[in-house]
Amino acid sequence: GVLCPEPFALTSNEVYVVKYPDTKVDILDPDLPPYSVIYPGPTLTTFPQHTIVGSTALFDIRNLLGSRGSPGLG
């Protein structure tokens, strides 16, 4: 034998929610008293995904380098 590094994959999903403000519309009709209508703002939800794929050899190299790091590894 040849010793090969193990494959490595790491994924994560994060929920990202954006709530837009409500919209208020004032209605003026000469024949009726004034009134307001409120339209609720939309809520948008996304699930961005982050994935790292490589091998355990990459982590071994980083451990050897310690805190110095190396340009080009990231």
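Two residues are in contact when their heavy atoms lie within 4.5 Å. That cut-off applies to the contacts reported below for this predicted model.

The chain contains one helix and six strands. Along the sequence, these elements follow the pattern β-β-β-β-β-β-α. The chain has 74 residues, and buried residues make up 1% of them.

Val-15 was examined next. Val-15 sits in the loop between strand E1 (7–13) and E2. Its relative accessibility is 57%, so Val-15 counts as exposed, because exposed means over 50%. Neighbours within four places in sequence were set aside. Val-15 is then in contact with Thr-45, Thr-46 and Phe-47. Pro-48 is 33 residues from Val-15 in sequence. In space, the C-alpha atoms of Val-15 and Pro-48 are 7.0 Å apart.

Together, Val-15, Val-17 and Phe-47 make a nonpolar surface patch of about 320 Å². Val-17 belongs to strand E2, which spans residues 16–19. The relative accessible area of Val-17 is 49%, so Val-17 is partly exposed. Val-15, at 57%, counts as exposed.

Charge pairing was considered next. Side chains of opposite charge can pair when their charged atoms come close. The structure holds one salt bridge. This bridge joins the side chains of Lys-19 and Asp-22, with an N to O distance of 3.6 Å. The cut-off for a salt bridge is 4 Å. Lys-19 falls within residues 16–19, the span of strand E2. Asp-22 is partly exposed, because its relative accessible area is 48%.

Strand E3 covers residues 23–27 and includes Thr-23. Thr-23 has 42% relative accessibility and therefore counts as partly exposed. Residues up to four places away in sequence were again left out. Thr-23 then touches Val-37, Ile-38 and Tyr-39. Val-37 lies 14 residues from Thr-23 along the chain. The C-alpha atoms of Thr-23 and Val-37 are separated by 8.3 Å.

Terms used:
Residues numbered from 1 in each chain as written. Predicted model: local features only at pLDDT ≥ 70, side-chain atom pairs only at ≥ 80, totals over all residues. Heavy atoms only, no water. Patch = residues over 30% accessible without salt bridge, like charges linked within 9 Å, V, L, I, M, F, W, Y side chains within 5 Å. Areas by Shrake-Rupley, 256 points an atom, 1.4 Å probe, with all protein chains shown as cover. Helix = DSSP H or I, 4+ residues; strand = E, 2+ residues; numbered from the N terminus. Buried < 20%, exposed > 50% of the residue type's maximum accessible area, 1.4 Å probe, protein only.
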